[in-house]
There are 2 protein chains.
Amino acid sequence: MQMSRADILKRLEQHKVTPTPQRLEVAEVLLERPQHLSADQILDRLREAGSRVSKATVYNTLKLFSERGLVRELTVDPDRRYYDSTTHAHHHFFNVGTGELSDIPEDQVEILKLPALPDGTEQESVEVLIRVRDRQTP
Amino acid sequence: MQMSRADILKRLEQHKVTPTPQRLEVAEVLLERPQHLSADQILDRLREAGSRVSKATVYNTLKLFSERGLVRELTVDPDRRYYDSTTHAHHHFFNVGTGELSDIPEDQVEILKLPALPDGTEQESVEVLIRVRDRQTP
DNA sequence: TTCTATGCAAAGACTTTGCATGCTG
DNA sequence: CAGCATGCAAAGTCTTTGCATAGAA
């Protein structure tokens, strides 16, 4: 990824997000490279870098970004929402011990057969989540 | 399913859960049939039936049940944990509008290819989640 | 100046903890 | 009687709301 400030501005505009200083800061951290971060992780990074954004602004900004399709919200850990800088369809590994999330390239998974959808519904997404844990090495 | 009180007692014992009046009440509601319920939904049903269990006890009981493998915890909605009375591997539909969860029988999904696991990890589960939404009927 | 959008303190929702209570050996 | 398990009030964490502030027309 490695987006310049100008690239980020462009991407915000593409998604109809009015750029503000705080939104730019959040976008810079999350869009820097393909990654999965929680709101608090982003807040920590911003604070380390000297920013003074409030917690609520980070949460609200990420919510806005995901509503506008700029990032993708992941539901894999009941304790926190992760935001994915990669928005196209792909699958995930989730390490239940460490909370670490990693991408599975789409071509590494092939689903042969899927069921019919419930009546009156349309598909929004198909996600494969492989939960893993660190192997014991005693 | 349709378990009698005796069946439920047996199932608790099989999973090394000491039966208490409150645990039996929670188990009766959740294990009655294949279903997915949140802690608060279970609390509501218990209260309607005249029970006086506390909220915390319902939460703690469900946590214990899932640790002991009596039920399965599902992570599909960041706002609440669902508990599944069906513990064997299977997949789910999740209606993002209504919050409704439904089972996909295991034989309705065939995964042809899965990636190698990250180094040093072992697989815990593979879950397919199909998010759907009600189709617009204007 | 009026109207709209932004940013944060405080409130809210879900869940867990710590201690009082009761039971077992 | 000692020791352990149980159940709940209160506290904690993550997230959203409502209002004060700033900016645009």
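**Reading a protein–DNA model**

Biologist: What does chain A have in the way of helices and strands?

Modeller: Chain A has four helices and seven strands. Those are DSSP runs, numbered from the N terminus: helices are H or I with at least four residues, strands are E with at least two. From the N terminus on, the order is α-α-β-α-α-β-β-β-β-β-β. Keep in mind that this is a predicted model, where local features need pLDDT of at least 70, side-chain atom pairs count only at pLDDT 80 or more, and totals for chains, interfaces and linings use all residues. Residues are numbered from 1 along each chain as its sequence is written, chains are lettered from A and ligands numbered from 1 in the order in which they are written, and side-chain values use heavy atoms, with hydrogens and water left out.

Biologist: How many residues surround DNA strand C?

Modeller: A residue is near a strand if one of its heavy atoms lies within 4 Å of it. Here 17 residues surround DNA strand C, and the closest include Gln22(A) and Tyr59(B).

Biologist: Which element gives the most to the surface near DNA strand C?

Modeller: That's H4(B), with five residues.
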